[in-house]
Amino acid sequence: MRDVFILLKVNEAFLDAAKFAPLFGFSVLFSGFSMMFSNNILVSGKTYFYTIRSIIAGIAAILLNIILIPLYGVFGAIYATILCAALSLSIEIYISEVILS
């Protein structure tokens with residue numbers, strides 16, 4: 001049934017990518033939660049924390065991709081994306097706690 005919905009949006013060339021889409025949902029979930037905590041940073045005026053968070057998450061993404069892609073292929077890239085989104089959320093929570101306390 002899932003394949004039918006995917007074929008309504010794209011052609012058969014993209015059908016293999018459908019098995020990866022649910023995993024990317026976790027990354028989107030973490031990013032959505034991160035947006036809730038980012039408001040605290042925005043309101044405090046300490047927006048330089050966004051840069052710090054982005055640099056840390058970016059470096060982690062590069063390192064995780066270097067490590068995981070040779071081991072797991074496409075799934076390694078997906079795992080790296082999920083882990084970096086979770087790391088970014090963790091940093092947002094920590095910074096929000098520091099700002100609010």
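**View 1. A buried charged pair, Glu 92 and Arg 53.** In this predicted model, Glu 92 and Arg 53 are both buried, where buried means under 20% relative accessible area, exposed over 50%, and partly exposed in between (1.4 Å probe, protein chains only). Glu 92 forms a salt bridge with Arg 53, and the closest N and O atoms are 2.0 Å apart; a salt bridge is a side-chain nitrogen of Lys or Arg within 4 Å of a carboxyl oxygen of Asp or Glu. Because Glu 92 lies in helix H4 and Arg 53 in helix H3, the pair ties together parts that are 39 residues apart in sequence. Helices (H or I, at least four residues) are DSSP runs, numbered from the N terminus. The structure holds 1 salt bridge.

**View 2. The largest nonpolar core.** This core has 5 residues, namely Ile 41, Phe 49, Ile 91, Ile 95 and Ile 99, and H4 gives the largest share of them, 3 residues. A nonpolar core is a set of buried Ala, Val, Leu, Ile, Met, Phe, Trp, Tyr and Cys residues joined through side-chain atoms within 4.5 Å. Beyond its neighbours within four places in sequence, Ile 91 is in contact (heavy atoms within 4.5 Å) with Arg 53 and Ile 56.

**View 3. Ile 55 in helix H3.** Ile 55 has its place in helix H3, and it counts as partly exposed because its relative accessibility is 49%.

**Notes.** Residues are numbered from 1 along each chain as its sequence is written, and side-chain values use heavy atoms, with hydrogens and water left out. As the model is predicted, local features need pLDDT of at least 70 and side-chain atom pairs count only at pLDDT 80 or more, whereas totals for chains, interfaces and linings use all residues.

How values were computed. Helix = DSSP H or I, 4+ residues; strand = E, 2+ residues; numbered from the N terminus.
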